[in-house]
Structures are given as C-alpha cells and as structure tokens.
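Here is a briefing on one structure, with its sheets, its ligand shell and its record annotation. Please look at the model first.

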Amino acid sequence: MAARLGDAGLLMARAGQAAWQTVLDRWPAALRIAVVCGPGNNGGDGYVLARHALEAGRDVVVVRLEEHAPRSELARHAAGQFLAVGGRVVEGSGGLPTADLVVDALFGIGFAREPSADVATLLRAINGAGVPVLALDVPSGVDADCGALAADAVRADVTLEFLLRKRGLATGAVLDHVGEYLLADLGVTEADREGIPIAAKWLDAGLLPALLPHRARDSHKGHHGRVSCLGGDLGHGGAIIMAAEAALRAGAGLVDVGTRAEHVAALLARRPEAMPHAVNAGDAAMALADLTRSADVIALGPGLGRDAWGQGLFEVALGSGKPLVVDADALNLLASAPRSLGAECILTPHPGEAARLLGTDASSVQRDRFAAAQALVQRFSAVVVLKGAGTLVAAPNEVSRVIGAGNPGMAVGGMGDVLTGVIAALRGQGLSAVDAATAGALLHAAAGDAAAAVDGPIGLLPGDLMSELRRLRNAGEEV
Ligand SMILES: NC(=O)C1=CN([C@@H]2O[C@H](COP(=O)(O)OP(=O)(O)OC[C@H]3O[C@@H](n4cnc5c(N)ncnc54)[C@H](O)[C@@H]3O)[C@@H](O)[C@H]2O)[C@@H](O)CC1
Ligand SMILES: [K+]
C-alpha cells in the first residue's frame with residue numbers, strides 16, 4: 001500500500017519492520033541483539049525493530065542514555081509497545097551488553113552539534129563492540145545533509161536508509177562509515193515525492209548508454225573532436241601521454257599533444273595515433289599557435305609543473321578562448337592567479353587542489369564536499385569535478401551529481417590524467433561541459449571498476465583502464 005510522507009506513524013512502523021527484515025536476511029543466526037536507541041524518531045525505529053526481534057524469540061536489550069528517554073510522541077509509543085511485550089531497557093553509557101549484533105538507532109537525520117561526553121562514550125562502545133553493526137537510516141554522528149562526521153561517528157557494516165537517498169551518505173570519508181548501503185523506500189513512491197526538491201542526482205554505470213554521445217554511421221574524424229593535450233614537463237612525461245591515450249580510447253577524432261621535446265619519442269612509441277608538438281622553454285605561444293587554433297577542446301595540466309615552461313602553456317591555453325579541462329598543476333597555477341573561467345571550462349581538482357583553489361585545507365573540503373564543489377563553481381564560474389570516493393560534479397544552476405562508481409584501487413598516480421583525457425574527449429564529441437564532466441567521470445569510474453574486477457583493486461594501474469574505457473564507451477553503440 002502506498003504511504004503518504006506525512007504519515008509518520010505508518011512510516012516508522014514500516015522502517016522498524018524493514019530493519020527487522022534486514023536482520024533476518026543478513027544475520028539470521030544473531031540471537032543476542034543490542035539496540036542502541038536515541039531520544040528521537042530514529043530511536044523510535046529502533047524500538048519497533050526491538051519489539052519484532054523480541055516477538056520472534058531473540059534475546060533483545062535496548063540500551064540508552066538516561067537523558068535519552070523518548071521525546072517524541074511516536075518514539076514514546078514505540079517504546080511503550082516494546083515494554084508492553086516484556087522488552088528490557090538498560091540505561092547508561094557504560095559498555096554494551098554482550099551481543100551478536102548491534103543496531104545503531106541513536107541518531108538519524110536529526111543529529112546536530114558535537115556529541116556530549118556520554119554520547120561520545122556510547123558511540124565508541126558501538127564502534128568497539130567487535131560484532132556487526134546495522135545503522136538505521138544514518139550512521140549516528142554523521143550529518144545526513146553534508147556528510148560531516150563527529151569524532152566517533154558510527155562505522156556500520158550495513159546502513160539501511162529510509163525513504164530516499166540522503167546526499168550526506170554519498171561522498172567522501174562517510175563511505176567508510178556507511179559500509180554496505182541498503183535503501184528501504186517504505187512504500188513512498190517517486191510520485192509521492194513530487195515537488196520536493198532533490199538534493200543530489202545519483203549516477204551509476206547503468207546510465208552510461210544514455211549519457212554517452214552516439215556516433216552516426218556517416219561520420220569522419222572531424223566530427224568527433226580535436227583534443228589538444230598540454231602538459232608533461234620534464235620528469236612528468238607519462239601524465240600527458242596517459243591523458244592523450246585516454247582521449248583516443250574515449251573516442252576523440254584527433255589528439256594533439258603539446259609537450260617537452262624529450263617526450264615526443266616516448267609518446268609516438270606508445271601511441272603513434274597522437275600528434276606531438278614539441279614545446280621548448282619560452283616558446284609556448286609560437287609552438288602552440290596552430291594547435292590551439294585547431295583545437296575543439298584543450299586538456300590542460302597533466303604533468304604540467306609550475307615552472308616557467310608550464311606557466312607558458314597555461315597562459316596560452318587560458319588565452320585561447322577554447323573550452324578547457326583544467327587539471328593538476330594547471331589548477332595550482334590557477335590557485336596562484338585566480339580568475340573566472342566561464343561555464344565552458346571544467347576543473348577537475350582532488351581535495352588538495354580544491355583546497356588550494358579555495359584558500360583552505362583539504363580536511364575542510366572533505367568535511368562538506370558538496371559545499372566545497374559549489375564554492376568552486378561560484379569562484380571560477382566553471383563546471384567542477386571534485387574527485388575522491390564518490391566523485392561530485394557541480395555546475396552553475398545545477399543540482400550536484402554523485403558518481404556512484406569507482407573504487408579505492410583508483411587512488412594511484414596517473415588516474416586523474418586519464419580522467420582529464422576522457423572528459424576532454426567527450427567534450428570534443430559534442431557534450432556540454434556539465435554533461436561531458438558527468439559522463440566522463442562516470443565512464444572513468446566504471447572502467448576502474450571493470451578493471452578492478454579482473455585482479456582486484458590494489459595494484460590497478462591507469463593503463464589498465466584503457467581497454468575498459470573503449471569497451472564501456474561503446475555501451476549502447478551498434479557494432
Ligand atoms: N521523516 C520521516 O517521515 C521518517 C523518519 N524516520 C526516522 O526518524 C528519524 C528522524 O527523527 P528525529 O527528527 O526525531 O531525529 P533523530 O532521531 O535523528 O534525533 C533527534 C534527537 O536527537 C537529539 N540530538 C541530536 N543531536 C544530538 C547530539 N549531538 N547529542 C545529543 N542529542 C542529540 C535531538 O535533540 C533530538 O532529541 C530519521 O532519521 C528516521 O530514522 C522513520 O521513522 C521513517 C519516517
Ligand atoms: K542511526
């Protein structure tokens with residue numbers, strides 16, 4: 001039966017039932033269950049689950065702080081029903097009773113402010129229980145709006161979220177607190193939610209065919225974009241080679257590379273399809289004049305360095321008026337000389353680069369990645385891809401997009417260079433800046449997942465993504 005959003009009592013009953021069903025599915029043998037209940041409706045969900053577990057013959061105890069007796073009418077009612085069937089409540093912040101499973105129903109979306117000493121002790125007890133933890137709706141201590149974490153925020157094995165995805169559980173360090181993610185919609189359909197503004201859009205690999213540009217049979221290389229890759233100072237030649245190769249694998253029609261003369265031979269040996277242009281110190285404007293004129297999009301930054309050579313390429317690219325994908329040291333140069341770039345340009349910072357661009361530190365960026373991405377959009381009037389676990393794409397007047405793919409194996413030098421090439425290639429194939437950034441980040445993450453599926457995430461190399469990029473780039477294409 002459909003439920004209305006306003007029917008909180010029915011929704012709490014369903015939330016508790018869904019939580020109990022999750023226990024039955026995941027931990028059928030858990031006989032002793034400790035349910036940590038807070039004072040609000042998250043605690044109410046916990047009491048409903050506790051009652052179901054007790055009625056099914058499990059050894060259940062609710063643990064709560066003295067000051068956390070239920071405060072809302074709904075939670076009081078749920079607690080009353082638990083007590084009415086003989087439920088046991090233990091008060092105090094000491095250790096948890098011995099259990100096979102701990103359920104975290106301390107705080108949900110109502111969590112705010114720094115935890116008191118007693119709350120912190122309880123959070124530490126949950127994390128130190130040494131048994132699986134099921135978090136209801138939100139791991140306690142997480143700000144569900146932005147993902148900010150209290151010091152001892154719960155690290156769940158499974159989080160069962162209610163109603164709809166909350167963006168604060170989607171990106172950054174919170175992913176290590178969410179564990180496995182489950183959603184119970186409680187019978188509330190999308191139609192019921194119509195008119196409620198969405199906080200973020202989630203994208204998973206299944207959407208790639210709809211997001212990627214399709215290729216007409218009657219096409220030639222000039223239709224698929226000419227990408228100029230600029231970078232690769234001495235000592236960093238591989239970065240621009242990887243960006244160029246990724247652009248080719250993501251379907252670019254032509255790829256030029258402006259780099260140090262010392263790297264031309266290596267580039268040609270690896271990818272003879274790319275067209276190298278040697279750039280000497282002090283020579284960027286002249287050496288790159290033709291290349292920037294003919295480019296549809298410029299991928300700027302992989303291996304660029306911050307010396308005079310890199311600065312020369314940076315100024316040429318920014319002065320070209322062409323759509324840019326700005327990465328790596330080009331972001332650092334931009335941070336030292338900030339200017340508005342315009343919505344045709346895409347910035348692809350990792351948290352450290354984002355921090356330099358915003359004049360803050362990486363931990364502040366990570367505390368609220370949505371806010372940091374939006375601040376970058378405002379400051380540079382550009383599209384922003386904030387990399388990291390749960391990469392975000394933000395753009396002027398757009399709801400933030402969360403890339404629901406990727407894995408920790410991708411945390412290795414060179415992955416960002418590949419991403420830059422992929423996004424530039426898609427931009428060159430006609431996608432708008434925000435769509436190229438979104439589809440590119442998703443394609444890159446999905447290729448990373450596919451490559452990691454072969455031999456595992458650790459030791460994954462950017463070069464391992466190339467064939468997967470090609471395969472996934474063809475999702476939805478007729479062969
Ligand atoms: N919105 C809905 O219609 C539904 C909500 N449900 C549950 O209700 C939850 C939200 O309930 P509430 O709004 O009551 O909020 P919570 O239950 O998340 O917590 C609010 C309570 O915790 C206290 N609190 C917050 N931060 C604290 C801190 N740092 N230290 C000590 N106390 C703190 C507040 O003073 C308040 O009493 C959801 O997360 C979900 O679990 C579900 O029953 C399903 C339906
Ligand atoms: K919780």
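Strands β4 (residues 101–105) and β5 (residues 133–136) run parallel and are joined by 3 bridges. Strands, like helices, are DSSP runs numbered from the N terminus: helices are H or I with at least four residues, strands are E with at least two. Two strands pair if DSSP finds at least two bridges between them. The model is predicted: local features need pLDDT of at least 70, side-chain atom pairs count only at pLDDT 80 or more, and totals for chains, interfaces and linings use all residues. Residues are numbered from 1 along each chain as its sequence is written, while chains are lettered from A and ligands numbered from 1 in the order in which they are written.

- Aspartate 104 stands opposite alanine 135 in β5.
- The open sheet holds 7 strands in the order β3-β2-β1-β4-β5-β6-β7, and the pairing is parallel.
- At its edges are β3 (88–91) and β7 (180–184), each of which pairs on one side only.
- Neighbouring strands of this sheet are turned by 20° against each other on average, direction ignored. Axes here are lines fitted to C-alpha atoms, for helices over the stretch in contact, and angles run from 0 to 180 degrees between N-to-C directions.

**The mixed sheet**
- An open sheet of 10 strands has the order β8-β17-β16-β15-β14-β13-β12-β9-β10-β11, with mixed pairing.
- β8 (201–203) and β11 (275–278) stand at the edges with a single partner strand each, so one side of each has no neighbour in the sheet.
- Strands β9 (residues 226–230) and β10 (residues 254–259) pair in the parallel sense over 5 bridges.
- Leucine 230 stands opposite glycine 258 in β10.
- Helix α7 (residues 237–249) packs on the sheet and touches β9, β10 and β12 (297–300). The direction of α7 makes about 170° with that of β10. Contact means C-beta atoms, placed from the backbone, within 7 Å.

**The shell around ligand 1**
- There are 28 residues around ligand 1, and Gly40, Asn41, Asn42, Gly108 and Gly110 come nearest. A residue counts as near if its C-beta atom, placed from the backbone, lies within 6 Å.
- α1 (8–26) and α2 (41–55) are the elements that give two or more residues to this shell.
- α2 gives the most, with 5 residues.
- The shell divides into 14 nonpolar, 10 polar and 4 charged residues. Nonpolar covers Ala, Val, Leu, Ile, Met, Phe, Trp, Tyr, Cys and Pro; charged covers Asp, Glu, Lys and Arg; the others, Gly among them, are polar.

**The annotated domain**
- UniProt, in an unreviewed entry, places "domain: YjeF C-terminal" at residues 204–476. Its positions follow the numbering used here, feature names are shortened, and annotations may be inferred rather than shown by experiment.
- Over residues 204–476 the chain is 47% helix and 12% strand, with the end C-alpha atoms 15 Å apart.

Notes: Contact = placed C-beta atoms within 7 Å.
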